[in-house]
Amino acid sequence: MDLKEKLVSSFMAFEDGLDLDHPVHEERSSAIKNFETKGFPTKKDEAWKYTSLRGLEKIDFSIFPKHETTLEYKDVKKYFLHEIDTYKIVFVDGVYSSYLSETTHDGVDVCLMSSAFSKPMFKQVIEVYFNKAASKDESLTSLNTAFSKEGAYIYIPKNKMPKKPIQILHLATGKEPALMLQPRNLIVAEDNAEVQIIERHQSLTGNEVFTNSVTEIFAGKDAIVDYYKVQNDEPTASLVDNTYISQKDSSVVRVHTFSLGGKLIRNNLNFYQNGERIDSTLKGITILGDKQHVDHHTLVHHAQPNCESHQDYKGIFGDSSTGVFNGKIIVDKIAQKTDAFQQNNNILLSDKSTINSKPQLEIFADDVKCSHGCTIGQLDDEALFYLRSRGIPKKEAKALLMYAFANNVLESVRIPELKLRINKIIADKLGVRMGFDL
Amino acid sequence: MAYTEEELKKELETKEYEYGFYTDIESDTFPKGLNEDIVIAISKKKEEPDWMTKWRLEAFRAWKEMEEPEWANVKYQKPDFQNISYYSAPNKKPKYDSLDEVDPELLDTFKKLGISVDEQKKLAGVAVDIVMDSVSVATTFKKTLAEKGIIFCSISEAIKEHPELVKKYLGTVVPQRDNFYAALNSAVFSDGSFCYIPKGVRCPMELSTYFRINQAGTGQFERTLVIAEEGSYVSYLEGCTAPMRDENQLHAAVVELIALDNAEIKYSTVQNWFPGNKEGKGGVYNFVTKRGLCEKHAKISWTQVETGSAVTWKYPSCILKGDYSIGEFYSIAVTNNFQQADTGTKMVHLGKNTKSTIISKGISAGQSQNSYRGLVQVNSRAENARNFSQCDSLLMGNRCGAHTFPYIEVKNKSAQIEHEATTSKIGEDQIFYCNQRGIDTEKAIALIVNGFSKEVLNKLPMEFAVEAQKLLEISLEGSVG
């Protein structure tokens, strides 16, 4: 039985444990139908031209984890950004771990989707926001919607800001030989609210993990949302991350994606600008080796006038790794005075590595400033020589240049400890110790 | 007279196709529809050898299996391939030696186009192989070319006279089953041009062909094959204008260029098929496959000015097979009213130290949609490949659209690829700057559009640059001085 059939047939079993009268359940039912019709995307779909899920479809994934596992904090401490105090929402094999988590209802709600679905006090928020930004058409998003049950629920009311950043951590213990996870997150920042979120998926063993995650983010007027995705997983862990962001007037949403490890990573990052004077930022650093594959698929839809968007993706690809960048900017007829900028720079370190880039503009308004740039190249020999002539060994010199290359993406990270952490991961990856911090 | 942008837009919309007229020449037209018998009949009609008939049939069988592509960013009523007549030739088919023998009505047509053959003959030194509906009826300067060993004739003549060359190269760059329209063309092509430049010869004049669609309801399927032997050079011009029509006309041409070691081919196109009227009715469907193959140190340069056609689907490409080969693509695509263009190029880097340059300028006005679609592919063995791409779009009014779909696929670490794209309108500050210096708005816009397109216009041969300018004027009159 292939994965699609398995998923479709286990939907009934999944329904057993749910409140079928809940309005959300209708969404689930129609979503599974959509997935059943469409199935997994194939290379024939333009959006999946360069990324194949065939390999994953052949693996016999467990859809519902059988065991509940407790982990000791000391064993997983290194996956937390433990240098600072944060709220934590931790899932172990898809199941909420209250022991490792720290949630709150003090002015803001930082808790679970499962409680948001079941408790009447959250009903209104769920009705207004759940599945409103996510695509009802895209098959993997539908798959997630169908099985949506657990994930992080973050609700920041008007004029509020949580006391500390929020970490969402998905851990896979490897108790199952192959595990499929489908977390569903909902983040709502009402007018003038502000929130910082760090998300990480981490497999603890070499067993196969396939995560198909959907995150919906709603930013009200003047709200500020910072979302950091740390993707530095085991070489057997695959991730399809679907993020949908809906912004209102004058809101600012910044999403940083650090793709530093994993077997197959696909980021579908979609911004919908539903107001004026909106600022959207999409930044990413990708450093891959081995046979890793990363696919950044971004969409910024400018639907109202006077908005801005900034995209900056840097990629360094070694060994037999493959990188894909597909950035689409749509500017509607009425979205005059749009300022959309997109940049994708890549360095190939090996002859076996591949980069496929497709920066795409679709523009229907005339008074706009839209540009994109894409480069593929290698480290500058002269710059390398300059450094080496000053006594810096080749390896460090190369690392230094790569640091510099990625630097302006790191610059806009607003949590210093996170910046340090990313720095360290990058240094480890390049196999050097730098005598300084960026 | 000072134009405001509003007035300009209005003027652009109301500007009718100036070259719409119809030449009344009796034609020998086949019944509508397409099947194996028609393919065989076309081949018979052209007195082709057996291998050619077989080749056409192979293509036809492949075509039957294929589906019409839908990936392009254009919307149109699909042509009914059984409602098209696949062959039409002017009735009188003697070969002329001088212009005096040519049907005066035909000459009149060219006069209206402002390209009278004799004038060109004298002044420009251009040999014109005129294609009036599928069959070439006049070939000039043949004798001069023959002295150098250059073969420049219609493809049907080449099939008869130089079968060894045609057999060797036809379909090598664009195979019969390459795509839907290429397969269709391979099966039913009625005529086109053939050009062969021998080793080491520099073609002394610009070779040019004029294509016209003339017979109502007749699809035009041109086939062009240009072969430049080692160390040779040729500059080839192709220009099109078509009479005004109500129903949609299909044009599916195939152009194959072969540049052997150290050869250079410069292929320039001015395309001004009837774009449909301002309600978007009528107009030509232009689905063209153009591709060139570069051997070692060879160079192929495509230059195109696209102003016509209701729907354009065209990607002149270069396969950079040989080491140190060079591919270039310079394009201006202007769309107005309801025109749709999906055009661009493919640069496939296979050899080492290959270079390619892409400069694409899109201008959209009215309610048109203008797309750039390009592919830059660097193979894993293509060391030190270099590409520079620039796609700029200019939007006039907010009912049109400009789209960019660049695909970049790199599998070699030594590649250096740069891609840039911008979309903007004519800046108010730019116009203000000109106004301030006493240049009125109309002239200012002309100046800016001119400057915007200059990089590409400069690449056209002198004889053609004038005409290109003229076509830009027609498409965007009021904005080009």
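**Entry 1: strands of chain A**

I looked up how β18(A) and β20(A) are joined, and found 9 bridges, with the two strands running parallel. The model is a predicted one, and I read every entry below with that in mind.

Strand β16 (residues 308-317) of chain A pairs with β18(A) over 10 bridges, in the parallel sense. I316(A) is bridged to I347(A) in β18(A).

Is β18(A) mostly covered, or mostly open? I checked residues 339-348, the extent of this strand, and 7 of its 10 residues are buried. I kept one general point beside this: in a regular strand the side chains alternate between the two faces of the sheet.

**Entry 2: from chain A to chain B**

Next I followed β20 (residues 369-377) of chain A across to the other chain. I found 7 bridges joining β20(A) to β24(B), and these two strands run antiparallel. T375(A) has E418(B), in β24(B), as its bridge partner.

I looked up the whole contact as well. Chain B puts 30 residues into the contact and chain A puts in 31 residues. On the side of chain B that touches chain A, the elements giving two or more residues are β23 (401-410) and β24 (416-424) of chain B. Which of them gives the most? I found that β23(B) does, with 10 residues. By class, I recorded 11 nonpolar, 13 polar and 6 charged residues on the side of chain B that touches chain A.

**Entry 3: the annotated stretch**

I checked the UniProt record for chain A. The record, an unreviewed entry, places the feature "domain: SUF system FeS cluster assembly SufBD core" at residues 179-405 of chain A. I then looked at the secondary structure over residues 179-405 of chain A and read 62% strand and 9% helix. The end C-alpha atoms of this stretch are 36 Å apart.

**Entry 4: domains of chain A**

I looked up the domain division separately. Chain A is divided into domain 1 (3-274) and domain 2 (381-438). The C-alpha centres of domain 1 of chain A and domain 2 of chain A lie 32 Å apart.

I also looked up the contact between them, to which domain 1 of chain A gives 13 residues and domain 2 of chain A gives 10 residues. On the side of domain 1 of chain A that touches domain 2 of chain A, the elements giving two or more residues are β8 (194-203), β10 (224-232) and β12 (252-261) of chain A. I noted that β12(A) gives the most to that side, with 4 residues. That side of domain 1 of chain A holds 7 nonpolar, 3 polar and 3 charged residues.

**Entry 5: chain B and its helix α9**

For chain B I counted 12 helices and 24 strands. Of its 481 residues, 54% are buried. I took contacts in chain B with a separation of 6 or more, and residues 24 or more positions apart account for 84% of them.

I picked out helix α9 (residues 180-188) of chain B, which is mostly covered, with 8 of its 9 residues buried. The buried residues of α9(B) are Y181(B), A182(B), A183(B), L184(B), N185(B), S186(B), A187(B) and V188(B).

What covers the buried residues of α9(B)? I found that the cover includes helices α2 (36-45) and α3 (50-65) of chain B. Strands β8 (223-228), β11 (254-259) and β13 (284-294) of chain B are also included.

Technical notes:
Residues are numbered from 1 along each chain as its sequence is written. Chains are lettered from A and ligands numbered from 1 in the order in which they are written. This is a predicted model: local features need pLDDT of at least 70, side-chain atom pairs count only at pLDDT 80 or more; totals for chains, interfaces and linings use all residues. UniProt positions are given in the numbering used here, feature names are shortened, and annotations may be inferred rather than shown by experiment. A residue is buried if 20 or more other C-beta atoms lie within 10 Å of its own, exposed if 12 or fewer, and partly exposed in between; C-beta atoms are placed from the backbone. Two residues are in contact if their C-beta atoms, placed from the backbone, lie within 7 Å. Ala, Val, Leu, Ile, Met, Phe, Trp, Tyr, Cys and Pro count as nonpolar, Asp, Glu, Lys and Arg as charged, and the others, Gly among them, as polar. Two strands pair if DSSP finds at least two bridges between them. Domain bounds come from an automatic or database domain assignment.
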